[in-house]
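Hi everyone, thanks for coming. I'd like to walk you through a structure that may be new to you, so please have a look at it first.

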Amino acid sequence: MSQLFYAHLVPLDEALHLLDQYELESDERDQLEEMVYAIFDHNIMNLIMQKVPKEHHDNLVEMIAVSPFDLAIIDYLKTHAPDIETDIMDVGKQVHYQLIPVLAKPANKDGGKK
């Protein structure tokens, strides 16, 4: 999957790496990856829409629709929300920490011994 304009700012790969501990069929893995991407995307886009003034939303949505992988979107965001990179990193970390208990395989109750 291609990386969205904010992917370099969030620990998406770390979250996806948690899936490696499971034996998944290819289609199962794809579905779970799509859900992880969607969770990050929902939270990041929510943040962006809160930080960028409403009068710039239409232009921003058009930019993302045309080229969601273009890093110039970050530059555009910074003109309207100067701290947006830090904010995106913070939200990305929060999402990652929320996903860890959901995606991490539980340890055996006997301390990992069989």
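I'll talk about aromatic residues, then salt bridges, then a charged patch. Please keep in mind that this is a predicted model.

Let's begin with the aromatics. How many aromatic pairs does a search of the whole structure find? The search turns up 1. The partners are Phe 5 and Tyr 6, arranged edge-to-face, with 5.2 Å from centre to centre and 90° between the planes. Both Phe 5 and Tyr 6 are buried.

Now follow Phe 5 to another residue, Phe 69. In sequence, Phe 69 and Phe 5 are 64 residues apart, yet their C-alpha atoms are 4.6 Å apart in space. You'll find Phe 69 in the loop between helix 3 (57–66) and helix 4 (72–80). Its relative accessibility is 43%, so Phe 69 counts as partly exposed.

On to salt bridges: the structure holds 5. One of them links Asp 20 to Arg 29, with the closest N and O atoms 2.8 Å apart. Arg 29 also forms a salt bridge with Glu 33, again with the closest N and O atoms at 2.8 Å. Arg 29 and Glu 33 are about one helical turn apart, because 4 residues separate them in helix 2.

In helix 4, Lys 78 and Asp 75 sit 3 residues apart, about one turn of the helix. They form a salt bridge too, and their closest N and O atoms are 3.9 Å apart.

Last, the patch. Glu 25, Asp 27, Glu 28, Asp 30 and Glu 34 gather on the surface as a patch of negative charge. Glu 34 belongs to helix 2 (residues 26–51), and its relative accessibility of 52% means that Glu 34 counts as exposed.

Technical notes. Residues are numbered from 1 along each chain as its sequence is written. This is a predicted model: local features need pLDDT of at least 70, side-chain atom pairs count only at pLDDT 80 or more; totals for chains, interfaces and linings use all residues. Side-chain values use heavy atoms; hydrogens and water are left out. Patches are made of residues with over 30% relative accessible area and no salt bridge: like charges are joined within 9 Å, nonpolar side chains (Val, Leu, Ile, Met, Phe, Trp, Tyr) within 5 Å. Accessible areas come from the Shrake-Rupley method with a 1.4 Å probe; for residues, only the protein chains shown count as cover. A salt bridge is a side-chain nitrogen of Lys or Arg within 4 Å of a carboxyl oxygen of Asp or Glu. Lys and Arg count as positive and Asp and Glu as negative; His and the chain ends are not counted. The place of a charge is taken as NZ of Lys, CZ of Arg, CG of Asp or CD of Glu. Helices (H or I, at least four residues) and strands (E, at least two) are DSSP runs, numbered from the N terminus. Buried means under 20% relative accessible area, exposed over 50%, partly exposed in between (1.4 Å probe, protein chains only). Rings of Phe, Tyr and Trp (its six-membered ring) pair if their centres lie within 6.5 Å; planes under 30 degrees apart count as stacked, over 60 as edge-to-face and the rest as tilted.
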